[in-house]
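Hello,

Here is the structure I said I would pass on. My notes on what was found in it follow below.

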Amino acid sequence: SSHSCYFRSMFDEILKSKPGYELDNLVAYQVMGWTLRHDGIYVSDPGEDSIFGTMWGQSNDAPVWEPSENMFPVWIMEEHLLSLKLHLRYTQALCAVFLHDGPLPEYDEQANWQFTHATPHQRCRAALLTVTNFVQVV
């Protein structure tokens, strides 16, 4: 059906996305639920008057939100997924990202090592797959 075609192409788009501003923004909106305020600071509520916002931004006034290239914001993103109880789905999404990026080693200590060394870019794509419900928990 055209519906499954649409989802397939969206799934592929996420897997093919490159690290950088566009991916970082998608993670902010889709995973974290933030919007970018006019002053370049992310806020969790578009109507929020808070002078602090989330503390993250895309301007010089806040640490730059770049989870696709920097591990520190990735920890924040992963903690958020855990708080939403999406951590199991996220782990499965990470498998899908590994399969896309290259052959997955047989499941052994080698595979465990690969998981612990997933790059920020891989983790961001997995997080997007997680919140867009492309991964079913078995």
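Aspartate 39 is partly exposed, because its relative accessibility of 29% falls between the 20% and 50% cut-offs. Please keep in mind that this is a predicted model. Aspartate 39 forms a salt bridge with the side chain of arginine 37, at 2.9 Å from N to O. Arginine 37 has a relative accessible area of 15%, so arginine 37 counts as buried.

The structure has 3 salt bridges. Another one of them joins arginine 123 to glutamate 78, with the closest N and O atoms 2.9 Å apart. Arginine 123 sits in helix H6 (residues 120-131) and glutamate 78 in helix H3 (residues 71-83), so this pair ties together parts that are 45 residues apart in sequence. Both arginine 123 and glutamate 78 are buried.

Aspartate 101 and arginine 125 also form a salt bridge, their closest N and O atoms being 2.7 Å apart. This pair links distant parts of the chain, 24 residues apart: aspartate 101 is in helix H4 (residues 87-101) and arginine 125 in helix H6. Aspartate 101 is partly exposed at 38%, while arginine 125 is buried at 2%.

Next, the cysteines. The count of disulfides is 0. Cysteine 95 is partly exposed, with 26% relative accessibility, and cysteine 124 is buried at 0%.

Last, the largest pocket. It holds about 250 Å³ of space and is lined by 13 residues, with Glu13, Ile14, Ser17, Glu22 and Leu26 nearest its centre. Helix H2 (21-31) and helix H1 (2-16) each give at least two residues to this lining, and H2 has the largest share, with 4 residues. By class, the lining has 6 nonpolar, 4 polar and 3 charged residues.

Regards

Key
Residues numbered from 1 in each chain as written. Predicted model: local features only at pLDDT ≥ 70, side-chain atom pairs only at ≥ 80, totals over all residues. Heavy atoms only, no water. Disulfide = S-S within 2.5 Å. Buried < 20%, exposed > 50% of the residue type's maximum accessible area, 1.4 Å probe, protein only. 1 Å grid on protein atoms, 1.4 Å probe; cavity = no way out; pocket = protein on both sides within 12 Å on 5 of 7 lines; lining within 4 Å. Points joined across faces, edges and corners; volume = space filled by probe spheres on them. Nonpolar A, V, L, I, M, F, W, Y, C, P; charged D, E, K, R; others polar. Salt bridge = Lys/Arg side-chain N within 4 Å of Asp/Glu carboxyl O.
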